[in-house]
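Subject: Structure for your review

Dear colleague,

My notes on the ligand surroundings and on the backbone follow it.

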Amino acid sequence: MPRHVAIIMDGNGRWAKKRFLPRVAGHVKGVELVREAVRACLERGIHYLTLFAFSSENWRRPQEEVTLLMQLFVKALEQEVDKLDRNGVRLHVIGDLSRFEPRLQQLIRDAEAKTAGNDRLDLTIAANYGGRWDIMQAVNRMLAADPEKREGWQEGDLEPYLSMAYAPEPDLFIRTGGEERISNFLLWQLAYTEFYFTPTLWPDFNTAEFDKAIASYQARERRFGRTSEQLAEPPNA
Ligand code: IPE
Ligand code: IPE
Ligand code: MG
């Protein structure tokens, strides 16, 4: 089983369009599939699930759609947090939250605080998140923490300041909806992640689809720069 799965949940708009429904109907349906994905992770013992809900570029969408997405986010937080808490889920929201309404920011902080003691599943929602933003905020905080230091910075110096410092890097990255791009999601953290792209639209990405992605992951050989033969050797040979 992968320890950490990261997903770009794409295709809600097209799912709705196919049914002659407004785009927001796709987002509403998409929330149901988030519930299903969380359940699948709990049942399979996947410890980290990270979901891209809103990118820093999604503000460019029509005002009406952005407003509806924010309302859905508020509603999901109000309705789901108790259940997540009862199921041992710890919630994290990553991204530049300063652009969200104060009420939403407060709901996020409360939900994180309420679930902070849980350890069955770390569920991370990336909201107003961008991979480049993450790296830059980490660089700025790293430099501010040691203003005297002029050179010699290492990768390991930056990592504690990245938004997902609490999690191992994703083992499996899934993008639904047919596009094969990262769209400024986790950039640093995906360096050695296995990628899985599927044309299935997010509102159709049920547990059976999730299991297909996991099976694809399980059939891969993760070499991390080594040769296949090296991986076959016992560790101390
Ligand atoms: C993903 O679905 C959800 C968000 C970006 C919030 P889209 O809304 O991008 O759906 P498509 O890609 O237009 O079908
Ligand atoms: C990426 O989807 C972001 C989320 C799923 C939240 P988009 O639909 O916004 O990505 P692009 O614009 O097609 O790359
Ligand atoms: Mg899209």
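A polar contact is taken here as a pair of N or O atoms within 3.5 Å. On that basis, Arg61 contacts ligand 1: an N or O atom of the Arg61 side chain is 2.7 Å from an oxygen atom of the ligand. Please note that the model is a predicted one.

Ligand 1

Two further contacts involve oxygen atoms of ligand 1. A polar atom in the side chain of Asp10 lies 2.8 Å from one such oxygen, and a polar backbone atom of Gly13 is 2.9 Å from an oxygen of ligand 1. On its own, ligand 1 exposes 380 Å², of which the protein buries 86%. Ligand 1 is located in the largest pocket. Two elements each give two or more residues to its shell, namely α1 (12-18) and α2 (23-44); the largest share, three residues, is that of α1. By class, the shell of ligand 1 holds three nonpolar, five polar and four charged residues. Among its members are Met9, Arg14, Arg23, His27 and Leu69.

Ligand 2

Ligand 2 also sits in the largest pocket. Its surroundings include Ile8, Phe52, Phe54 and Ser183. Strand β2 (residues 48-55) provides the largest share of this shell, with three residues. The class count for ligand 2 is five nonpolar, two polar and four charged residues.

- Arg181, through a polar side-chain atom at 2.8 Å
- Asn58, through a side-chain N or O atom at 2.9 Å
- Arg175, through a side-chain N or O atom at 3.2 Å

Of the 380 Å² of accessible area that ligand 2 has on its own, the protein covers 78%.

Backbone

Most residues other than glycine have a negative phi. Asn128, in strand β4 (residues 121-129), has a positive phi near 50°. Ser183, which is not a glycine, has a positive phi of about 50°, and Ser183 lies in the loop between β5 (172-175) and β6 (194-197).

Are these residues buried or exposed? Asn128 has a relative accessibility of 6%, and it therefore counts as buried, the limit being under 20%. Ser183 has a relative accessible area of 30% and is therefore partly exposed.

Yours sincerely

Conventions:
Residues are numbered from 1 along each chain as its sequence is written. Chains are lettered from A and ligands numbered from 1 in the order in which they are written. This is a predicted model: local features need pLDDT of at least 70, side-chain atom pairs count only at pLDDT 80 or more; totals for chains, interfaces and linings use all residues. Side-chain values use heavy atoms; hydrogens and water are left out. A residue is near a molecule or strand if one of its heavy atoms lies within 4 Å of it. A polar contact is a pair of N or O atoms within 3.5 Å; within protein, one must be able to donate a hydrogen and the other to accept it, and residues adjacent in sequence count only if both atoms are side-chain atoms. Accessible areas come from the Shrake-Rupley method with a 1.4 Å probe; for residues, only the protein chains shown count as cover. On a 1 Å grid over the protein atoms alone, a cavity is a set of points where a 1.4 Å probe fits but cannot get out, and a pocket is an open set with protein on both sides within 12 Å along at least five of seven lines; lining residues have an atom within 4 Å of a point. A molecule sits in a cavity or pocket if more than half of its atoms lie within 2 Å of its grid points. Helices (H or I, at least four residues) and strands (E, at least two) are DSSP runs, numbered from the N terminus. Ala, Val, Leu, Ile, Met, Phe, Trp, Tyr, Cys and Pro count as nonpolar, Asp, Glu, Lys and Arg as charged, and the others, Gly among them, as polar. Buried means under 20% relative accessible area, exposed over 50%, partly exposed in between (1.4 Å probe, protein chains only).
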